[in-house]
Amino acid sequence: MTAVMDKPLASDERADGSRPWAAVIALAGFETRRLLTMLPMLIAFLVYIGWTVWRTGKDWGAYPALQDADRATQGAPMLVGLTVLLCVNRAALRSRRHGTEPYFGTLVMPPWRRTVAHALSALAVALLTAVCVAAQFGREVLRPGAIGQGSVSELLVGPLTVLLAGLFGLLLAGLVRSSLAAPLLVVFALFLFLFLWGTSDDASRWLLPVVVEATSNTLPSDLLGRPAGWHALYLAGLALCAGLTAVLVAGGRKPVLLTGIAGALAMTLVGGVTQTGGESPELVRARERASDTPGQLQSCVRRDGSTYCAFPEWGPRVGDWAGVVDRVRSLAGGGAQDQKIVVRQRIEARYGLSSDSALTPLERPHEVTVGTQWGGNRVPEFSAAVAGVLVAGEEKAATSICDGRIVTVMWMALGWESDPMAALRRVRLDDSDTGSAVVLQPTDGLSMTEAQTEVVRELLARPRGEVTARVKDNWAELTEPKVTAARAAELLGVAAPEGDDKCAY
């Protein structure tokens with residue numbers, strides 16, 4: 001019997017069999033399972049999910065603006081990205097660490113296909129991150145108080161950051177055959193992020209994967225001016241470039257890969273250059289108009305005689321504002337309990353999201369400012385503004401009150417709260433409930449003396465009905481200019497204050 005020996009197949013010939021990619025997919029599944037079960041990855045995802053749940057559990061998150069909620073999904077995935085960079089790099093160098101690299105030459109799968117499998121494992125982690133991002137944003141969308149609209153491009157930043165980090169770690173494994181290179185790269189990336197994050201140069205900060213804004217200001221979605229789509233294209237191009245280069249370094253087919261790398265570089269350049277183009281003249285004019293003449297862009301509705309004017313996206317928030325106005329008026333006396341007021345939403349958008357600018361008090365009678373944020377401290381701040389206008393007649397006059405009328409204002413602002421003492425602490429700048437302090441409002445704050453704080457504390461500790469009746473009976477004298485805290489205490493039936501009653505200004 002004669003044995004027929006076929007000549008050995010070359011590596012590329014053996015890999016191009018009937019099912020060349022079946023082995024790649026199988027290896028990618030193995031590497032994905034191994035990657036996701038590594039202890040650092042498990043810790044990273046646990047921290048990521050725990051942090052996300054903790055943040056969304058805060059009371060101010062119960063009234064989200066979706067144009068802010070989409071950006072809130074970007075920071076935490078950076079931890080996952082740094083971890084996947086280290087883990088993918090370590091997985092790609094596994095055979096070198098264990099001394100098994102020479103044995104891979106006997107397999108039908110060439111090195112570049114193994115690199116593709118590692119890249120697919122990084123893609124799987126990015127997809128899992130995308131699921132977490134979608135769940136986080138979806139939870140905000142389903143909240144009853146959600147307003148505005150999010151951006152798909154902003155939501156893509158987190159997963160793309162993870163993908164970019166993983167593919168960068170894979171490329172580093174092909175260029176530097178040392179397990180120390182990836183940790184050093186992580187340290188360098190952290191220093192680079194801190195350096196560029198602290199700069200005011202808009203062009204350079206957009207080179208980072210995540211662009212953090214210097215303010216928590218909330219603007220209408222059409223006034224944000226963030227080039228989110230171009231930034232997502234920039235990140236996608238960088239990730240694709242890193243992945244294709246890693247496959248090329250591992251011995252992949254040059255013509256196809258070089259063409260792909262050229263396309264990825266083009267994506268990166270187009271996205272990178274366009275995202276740093278600055279704000280358009282149309283956007284600048286729109287921001288000025290919204291800041292100077294908001295009434296031209298708003299729609300107004302009437303409820304119980306009062307008028308509420310809001311930007312289009314904030315229409316559902318009118319009911320919450322009206323509820324506060326009604327509760328504050330219910331504690332007032334004289335004509336204030338039936339006073340019709342105008343609640344106008346105002347923003348300072350000329351500087352975009354780069355700074356928090358204070359709003360000047362309105363001088364039109366019985367008109368109150370409300371901001372774009374709600375929930376948490378914003379509720380007692382708005383309540384204090386409403387009470388001040390009901391007592392003083394206008395915002396400008398209310399912010400200048402420097403006498404015992406503050407006692408009446410603060411009682412009306414906080415007396416309806418379920419936990420008025422907690423609301424008192426939240427509305428004061430130093431979170432105190434003793435001594436003098438500044439009371440926050442949507443515009444300029446109020447000033448409380450030590451004596452006024454003592455009287456307000458006594459009132460908030462008493463039954464609401466009892467204090468309300470005394471306020472209504474003595475409304476005229478309680479709202480007279482230059483009434484003292486001691487006189488207000490006497491009229492309201494509480495002990496005279498012992499603290500200083502001199503205004504700070």
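User: Trp-54 first. Is Trp-54 buried, partly exposed or exposed?
Analyst: Partly exposed, because its relative accessibility is 46%. Keep in mind that this is a predicted model.

User: And what about Trp-51?
Analyst: Trp-51 has a relative accessible area of 46%, so it counts as partly exposed.

User: Where do Trp-51 and Trp-54 sit relative to one another?
Analyst: They are 3 residues apart in helix H3, so about one helical turn separates them.

User: Why would that spacing matter for which way residues point?
Analyst: An α-helix has 3.6 residues a turn, so residues three or four places apart point the same way.

User: How many aromatic pairs are there in the structure?
Analyst: The structure holds 3. One of them is Phe-45 with Tyr-48, a tilted pair at 6.4 Å centre to centre with 45° between the planes.

User: Which helix holds Phe-45 and Tyr-48?
Analyst: Both are in helix H3, residues 39-56, and they lie 3 residues apart, about one turn of the helix. Phe-45 is buried because its relative accessible area is 9%. Tyr-48 is at 2% relative accessibility, so it is buried too. Trp-51 and Trp-54 form another aromatic pair, also tilted, with 5.5 Å between centres and 35° between planes.

User: What else is in H3?
Analyst: Arg-55 is found there. At 39% relative accessibility it counts as partly exposed. Its C-alpha is 9.5 Å from that of Ala-72, a residue 17 positions away in sequence.

User: Which residues of E2 point which way?
Analyst: Ser-306, Tyr-308 and Ala-310 point one way, while Thr-307 and Cys-309 point the other. Both groups are buried.

User: Does E1 run parallel or antiparallel to E2?
Analyst: Antiparallel, with 5 bridges joining E1, residues 299-303, to E2. Within that pairing, Arg-303 stands opposite Ser-306.

User: How many residues lie between E1 and E2 in the hairpin?
Analyst: There are 2. In that turn, Asp-304 has a positive phi of about 55°.

User: And is the pairing of E2 with E3 parallel or antiparallel?
Analyst: Parallel, over 3 bridges, where E3 is residues 342-345. Val-342 of E3 is the bridge partner of Thr-307.

User: What's the handedness of the β-α-β unit there, left or right?
Analyst: Left-handed; the unit consists of E2, helix H14 (residues 318-330) and E3.

User: How many residues does H14 have, and how far does it reach?
Analyst: H14 has 13 residues and reaches 18 Å from first to last C-alpha, close to the 18 Å expected at 1.5 Å a residue.

User: Which residues of H14 are buried, and what covers them?
Analyst: The buried ones include Trp-321, Val-324, Val-325, Val-328 and Arg-329. Among the elements covering the buried residues are E1, E2 and E3. Strand E4 (367-370) also contributes, as do helices H15 (378-392) and H17 (405-414).

User: What about H5, how far does that one reach?
Analyst: Helix H5, residues 77-92, spans 22 Å over its 16 residues, close to the 22 Å expected. Its buried residues include Pro-77, Val-84, Cys-87 and Asn-89.

User: Different spot. Where is Asn-217?
Analyst: Asn-217 is in the loop between helix H10 (202-205) and helix H11 (228-249). It is at 16% relative accessibility, so it counts as buried.

User: What is Asn-217 in contact with?
Analyst: Leaving aside neighbours within four places in sequence, its contacts include Asp-68, Glu-348, Asp-356, Thr-372 and Gln-373.

User: Last, the whole chain. How many helices and strands?
Analyst: The chain has 22 helices and 6 strands. It has 505 residues, of which 49% count as buried.

User: What about the surface and the contacts?
Analyst: The accessible surface is about 23,900 Å², and carbon and sulfur atoms make up 61% of that. Of the contacts with a separation of 6 or more, 75% are between residues 24 or more positions apart.

Note on methods:
Residues numbered from 1 in each chain as written. Predicted model: local features only at pLDDT ≥ 70, side-chain atom pairs only at ≥ 80, totals over all residues. Heavy atoms only, no water. Helix = DSSP H or I, 4+ residues; strand = E, 2+ residues; numbered from the N terminus. Expected span 1.5 Å × (residues − 1). Buried < 20%, exposed > 50% of the residue type's maximum accessible area, 1.4 Å probe, protein only. Pairing = 2+ DSSP bridges. Right-handed = clockwise from strand over helix to strand, strands pointing away. Contact = heavy atoms within 4.5 Å. Areas by Shrake-Rupley, 256 points an atom, 1.4 Å probe, with all protein chains shown as cover. Phe/Tyr/Trp six-rings, centres within 6.5 Å; stacked < 30°, edge-to-face > 60°.
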